[in-house]
Amino acid sequence: MRLSSGCRLPILISALFLAGCMGSDGARAQGPAAVEGFLQQGEYDQAIEALEDQIGSPRSPQIASQLAELLMVVGRFDDAETLLEGALADNPRHTRLLLLTGRLLGERGRLDEAMSAFAEAEQAGTDGNTLLARMHRGEILLRTGEQQAAFALFDEFIDVYNRSSSLGVGELLAVAGAVRQLEVTDSALLQDALRAYDEALALDPDNLEAHLGIGTLFVRTYQTADARDAFREVLRRRARDPRALVGMATASQVEGSSQAGDLVDQALEVNPALVPALTLRARIRLAGEDLEGAEDDLSTALEVDPTSSDALAISAAARYLQDQTDEFESLTARALEINPRDAAFFVTLSDLVSTRRYYAQAVEFADRGVRLDSLSWAAYGAKGLNQLRTGEMAQGRMNLEVAFEGDPYNLWFKNTLDLLDTMDSFERTDSDRISVFVDPEDGEALSIYLLEIGDRAYQSLAARYGYRPETPIRVEAFRRSADFSVRTVGLAGLGALGVAFGTVVAMDSPAARGAGGYHWASTLWHEMAHVVHLGMTGHRVPRWLSEGLAVHEERLAGPGWGSRPSLPFLAAYTEERLRPPSELSQSFVRPRFPEEVGFAYVLGSLVSEWIESEWGFEGLRGMLQGYGEGLSHERVLQRELGVDSEAFDERFDEWLRGRYPSGFAAAEAALELRDTEEEDRRDPEWLRDRVERSPRDLESRLALARLLLEEERGAEAEALLIQARDIFPENPDPRGPNRLLAGIRLERGDTLAAIEALESHVAIVAEDYEALLQLAQYQEDRGNAVAAAEALERAIQVYPFEIPVHGRLAGLHRENGQFAAEIRERRVVLALGPVDRTGALYELAQALYAAGDLEEARRVVLDALALAPRFPEAQELLLRIMSDGGGGR
């Protein structure tokens with residue numbers, strides 16, 4: 001049954017009751033103007049004091065209600081309970097006081113007492129508070145596993161709405177709350193809940209509960225911009241309202257924004273006992289591997305409400321992640337004793353262990369949720385999403401379809417199912433170890449290289465670590481970054497390039513990023529490193545080491561691969577804006593400034609480099625083994641490296657500063673320029689003075705050199721660029737000194753010096769596609785076909801979709817006698833759809849013939865002749881093939 005859409009007559013509401021407090025008569029009790037002013041400023045203590053001065057004796061039920069609600073908002077539950085007990089002694093059976101008592105007891109987990117208070121409120125009157133009490137009683141039935149009884153009770157609210165044309169604000173809020181709970185049986189009821197909230201606001205635009213309810217509904221349906229608008233309406237009327245701040249934090253978390261942590265901290269400043277805020281912060285801390293901080297929040301949350309399913313589930317997840325099996329089972333049993341149908345408990349477990357990359361276990365937990373409650377679409381969805389991460393594509397899709405049918409508002413489910421429809425057309429190519437899935441537009445032009453780099457990474461990393469991951473490893477490449485983002489987090493907007501779920505890897509195709517700036521081969525190597533590290537540790541490797549070690553492996557794998565410390569990175573480190581190694585995992589989940597996540601990858605890689613240089617590779621491998629055994633970070637450091645966290649951080653700091661002394665000096669010089677006017681930075685005289693005064697100022701030298709180049713004063717610019725290069729030789733700036741030096745030297749005809757500068761540049765900046773093409777051309781012009789081919793091979797690792805590049809490379813491989821490599825390039829040219837397909841087939845047939853593959857050469861040249869029967873060179877090649885024994889049948 002649905003709510004009737006008939007017109008409803010508005011009821012005039014008195015403006016007497018303070019925002020957010022619904023009275024039994026639908027009115028608002030007018031407090032002093034000062035109270036309202038305090039609330040608008042978020043000065044809750046002053047508002048409480050003002051109300052305490054007004055309450056009188058016997059206690060005014062209206063003032064007592066307002067005061068009790070404010071005490072609850074700031075977490076002073078004991079004071080609120082004492083107040084309500086006294087107010088009810090003065091005003092027996094007052095429905096509003098009974099309603100607030102029930103809500104208070106429910107928030108403290110005293111569910112039986114809450115049920116009694118709500119039942120008494122229902123019996124005491126017939127107003128909006130009575131209906132709200134009935135709705136809250138249904139919520140407690142749900143919390144205790146009485147689903148059918150709860151649904152039967154909630155269903156009555158539809159009749160209440162449809163049979164009345166004059167419901168008050170409290171009654172409309174009760175209807176909205178009830179039908180929201182029924183949405184698992186009919187998702188369209190979410191729209192009815194929104195309508196009831198809207199009608200409540202039409203009667204009372206300042207009603208906080210309605211604004212909060214609307215905001216929560218919009219978060220639930222992924223309409224986060226609308227949700228924030230609703231929560232801002234609350235904050236405009238009552239600054240720092242912790243419930244609205246938690247709503248804003250939840251919206252931010254849905255969007256993947258790091259602002260969630262700051263917002264929840266703000267909420268807890270107002271109400272340190274707010275369970276939804278405590279559990280949300282515990283989730284964030286757990287994702288950042290801050291187990292101690294998470295435990296502190298969970299301890300407080302369970303002290304406030306021992307029955308909180310969310311707090312129990314997060315606490316159980318923390319125990320599970322620490323291999324504390326007995327404690328995990330105890331918490332699970334405790335949750336199921338409270339609610340034997342608590343599917344949400346297992347959905348939370350599934351979500352949390354998946355954030356730590358325990359995807360197979362996430363499937364198991366979600367399945368337990370499905371078995372407890374066949375209406376838990378969230379459990380079906382969590383099971384399906386994690387099955388996709390473990391490569392169970394058919395089963396994952398089936399469960400997602402069930403989830404989406406029950407919850408069509410879930411954007412994650414919808415986006416993922418849409419993506420799976422797109423992936424149905426993906427082309428699959430296999431090697432012995434790797435299965436590649438690519439968009440048909442990319443086709444063999446990409447898959448041939450993915451298999452090559454993937455196989456090379458597998459063999460290299462397996463040999464280095466002594467661990468061979470289970471095969472085949474599934475590698476998916478997406479032409480649209482939004483599709484990769486959906487594959488990873490369900491929503492568009494993820495800034496990453498690749499992800500490894502275990503033996504399933506997803507990444508951006510180079511087509512998603514364009515030519516230059518994205519090194520797809522390095523990215524695949526990074527993800528293959530994750531495959532090894534996750535597998536050998538049972539997915540227990542901490543985030544900081546997982547990411548840092550993968551970047552370290554990139555840098556070992558190829559020249560210029562992997563992120564490197566830049567001047568901005570070293571400046572941030574100098575200013576102590578980066579977390580130390582012992583806290584580095586938190587940078588990935590709660591960055592404090594926009595660049596921190598990227599810097600955390602670099603810092604983690606430097607920590608890995610330092611460990612290997614100080615303790616040898618066995619130190620790194622030993623750490624992975626320790627984490628795989630379930631040891632804590634501190635235990636791993638003590639056992640494998642013989643240091644504690646403090647010494648670990650201090651010794652790394654000393655090593656890093658010694659590793660890049662000139663880089664740090666340049667960073668300090670750059671920091672001195674922070675407050676310099678932009679006008680000065682473009683003033684040649686100011687820059688000259690600065691260069692003379694500061695021998696480590698790389699940026700001023702670069703700026704002055706660029707100005708001199710604009711004036712065609714290349715010799716002076718070259719001298720400055722050489723100085724800038726020597727200040728920080730490992731500077732990964734894509735517009736750094738070596739790039740400019742190459743241009744100057746080429747212009748004066750010194751090709752050899754230009755090649756030297758370009759080689760130095762791409763040895764650090766491997767993703768500079770144009771520089772690699774230039775380097776290849778200069779080498780080819782000098783007759784160095786081997787070096788030219790090497791440069792083009794490296795260019796293809798950035799962008800493999802330009803036919804002329806493959807044609808040039810094929811010719812160079814032929815010149816160098818590398819026939820297998822030439823054949824590969826000729827096949828790629830065909831895959832890219834050349835205008836002259838006949839000619840491309842002929843070139844491939846020639847390469848096959850040169851390599852001695854007569855049968856394949858014959859087949860290909862016949863394909864060419866089928867397109868152009870009078871092609872004389874192809875006819876001649878066919879005769880040679882047949883003469884050499886490639887006649888076929």
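These legends accompany close-up views of a predicted model.

**View 1. The largest nonpolar core.** This core has 123 residues. Those with the most contacts inside it are F154, F157, L286, F345 and L349. Helix α10, spanning residues 189–203, gives the most to this core, contributing 9 residues. In soluble globular proteins, nonpolar side chains tend to be buried together.

**View 2. Surroundings of L286.** Leaving aside residues up to four places away in sequence, L286 touches L291, A294, I314, A317, A318, L321, L352 and R356.

**View 3. S376 in the loop between α20 and α21**. Helix α20 covers 359–372, and α21 covers 377–389. S376 has a relative accessible area of 9%, so this residue counts as buried, the cut-off being under 20%. Beyond residues up to four places away in sequence, S376 touches A343 and V347. E441 lies 65 residues from S376 along the chain, and their C-alpha atoms are separated by 39 Å.

**View 4. Packing of α22 against α23**. Helix α22 (residues 393–406) and helix α23 (residues 411–423) pack at an angle of about 140 degrees. Their axes are 10 Å apart. The angle therefore makes α22 oblique to α23. The crossing is left-handed. From α22, the contact is made by M393, R397, L400, E401, A403 and F404. From α23, it is made by F413, K414, T416, L417, L420, D421 and M423. By class, this contact has 8 nonpolar, 1 polar and 4 charged residues.

Terms used:
Residues are numbered from 1 along each chain as its sequence is written. This is a predicted model: local features need pLDDT of at least 70, side-chain atom pairs count only at pLDDT 80 or more; totals for chains, interfaces and linings use all residues. Side-chain values use heavy atoms; hydrogens and water are left out. A nonpolar core is a set of buried Ala, Val, Leu, Ile, Met, Phe, Trp, Tyr and Cys residues joined through side-chain atoms within 4.5 Å. Buried means under 20% relative accessible area, exposed over 50%, partly exposed in between (1.4 Å probe, protein chains only). Helices (H or I, at least four residues) and strands (E, at least two) are DSSP runs, numbered from the N terminus. Contact means heavy atoms within 4.5 Å. Axes are lines fitted to C-alpha atoms, for helices over the stretch in contact, and angles run from 0 to 180 degrees between N-to-C directions. Angles under 35 degrees count as roughly parallel, over 145 as roughly antiparallel, 65 to 115 as roughly perpendicular and the rest as oblique. A crossing is left-handed if the near helix is turned anticlockwise from the far one by less than a right angle, and right-handed if clockwise. Ala, Val, Leu, Ile, Met, Phe, Trp, Tyr, Cys and Pro count as nonpolar, Asp, Glu, Lys and Arg as charged, and the others, Gly among them, as polar.
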